[in-house]
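Please look through the sequence and the model shown here before reading on. The report after them is meant to be read alongside both.

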Amino acid sequence: MTSSAEDHAAMRLALSLAREAYDCGEVPVGAVIVREGRIVAQAYNLRETLHDPTAHAERIALTLAGKALGSWRLDGCTLYVTLEPCVMCAGAIVQSRIDRVVYGAKDPKAGACDSLYRIVSDPRLNHRAKITPGVLEDECGALLTQFFSDRRKEFATFSEGCLSG
């Protein structure tokens, strides 16, 4: 499925949220949920902040969208996320009945839309979402690459300080 101008605009917002996550020391992933051209929820990763392994951007956005719409059924909604969802988030996407998932960077180590698994489009499940991969992929991937590069530098500096002491 090809991307639209709306897809790019929503992904830019998700990227902005991912940058906020980066500034908070979180893995920079942002998510936005849109229905009928209106933003109903937005979130970024909060695993470190909340000490919660389930506090992925997508899962938080799904919860907020359910509250905003007054229903756990998010049919008619599109999820925009800067990184391909993991198995946990893909399962939540299926359970929420999201119509479409648009993501930026592929996740070759944990992706559950295309890379490792195809959970959200698996015909054996009771719901399937359409997938649009690679929207602003380079920008999304570059932010993640920079984050982990910075983390490795911080760890190396920390380790050197500990070893010289």
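What follows describes the sheet, the helices packed on it, and a few single residues.

This is a predicted model, in which local features need pLDDT of at least 70, side-chain atom pairs count only at pLDDT 80 or more, and totals for chains, interfaces and linings use all residues. Residues are numbered from 1 along each chain as its sequence is written, and side-chain values use heavy atoms, with hydrogens and water left out.

**The sheet**

Helices (H or I, at least four residues) and strands (E, at least two) are DSSP runs, numbered from the N terminus. Two strands are said to pair if DSSP finds at least two bridges between them. Five strands make up an open sheet with mixed pairing, and their order is 2-1-3-4-5. Strand 2 (38-44) and strand 5 (130-132) are the edge strands; each has a single partner strand, so one side of each has no neighbour in the sheet. From one strand to the next, the twist averages 20°.

Within the sheet, strand 3 (residues 77-83) pairs with strand 4 (residues 100-105) in the parallel sense, over five bridges. Val81 is placed opposite Tyr103 in strand 4.

**Helices on the sheet**

Contact here means heavy atoms within 4.5 Å. Axes are lines fitted to C-alpha atoms, for helices over the stretch in contact, and angles run from 0 to 180 degrees between N-to-C directions. Helix 1 (residues 5-23) lies across strand 1 (30-35), strand 2, strand 3 and strand 4, and runs at about 145° to strand 1. Helix 3 (residues 57-69) also packs on the sheet, where it touches strand 1, strand 2 and strand 3; its direction makes about 145° with that of strand 2.

**Helix 3 and helix 4**

Two packed helices are described by the angle between their axes and the distance between the axes. For helix 3 and helix 4 (residues 87-96), the axes come within 9 Å and cross at roughly 20°. Helix 3 is therefore roughly parallel to helix 4, a term used for angles under 35 degrees. The crossing of helix 3 with helix 4 is left-handed, meaning that the near helix is turned anticlockwise from the far one by less than a right angle.

On the helix 3 side, Glu58, Arg59 and Leu62 meet Cys89, Ala92, Ile93 and Ser96 in helix 4. By class, this contact of helix 3 with helix 4 has four nonpolar, one polar and two charged residues. Ala, Val, Leu, Ile, Met, Phe, Trp, Tyr, Cys and Pro count as nonpolar, Asp, Glu, Lys and Arg as charged, and the others, Gly among them, as polar.

**Single residues**

Buried means under 20% relative accessible area, exposed over 50%, and partly exposed in between (1.4 Å probe, protein chains only).

| Residue | Relative accessible area | State |
|---|---|---|
| Gly30 | 0% | buried |
| Ile93 | 0% | buried |
| Glu36 | 77% | exposed |
| Leu136 | 12% | buried |

Gly30 lies in strand 1. Its C-alpha is 4.2 Å from that of Ala18, although Gly30 and Ala18 are 12 residues apart in sequence. Leaving aside neighbours within four places in sequence, the contacts of Gly30 include Ala14, Leu17, Ala18 and Val81.

Ile93 belongs to helix 4. With neighbours within four places in sequence left aside, Ile93 is in contact with residues including Leu62, Leu79, Val101 and Ala129.

Glu36 is in the loop between strand 1 and strand 2 and has a positive phi of about 50°, although it is not a glycine. Leu136, in the loop between strand 5 and helix 5 (137-164), has a positive phi near 55° and is likewise not a glycine.

Technical notes:
Angles under 35 degrees count as roughly parallel, over 145 as roughly antiparallel, 65 to 115 as roughly perpendicular and the rest as oblique.
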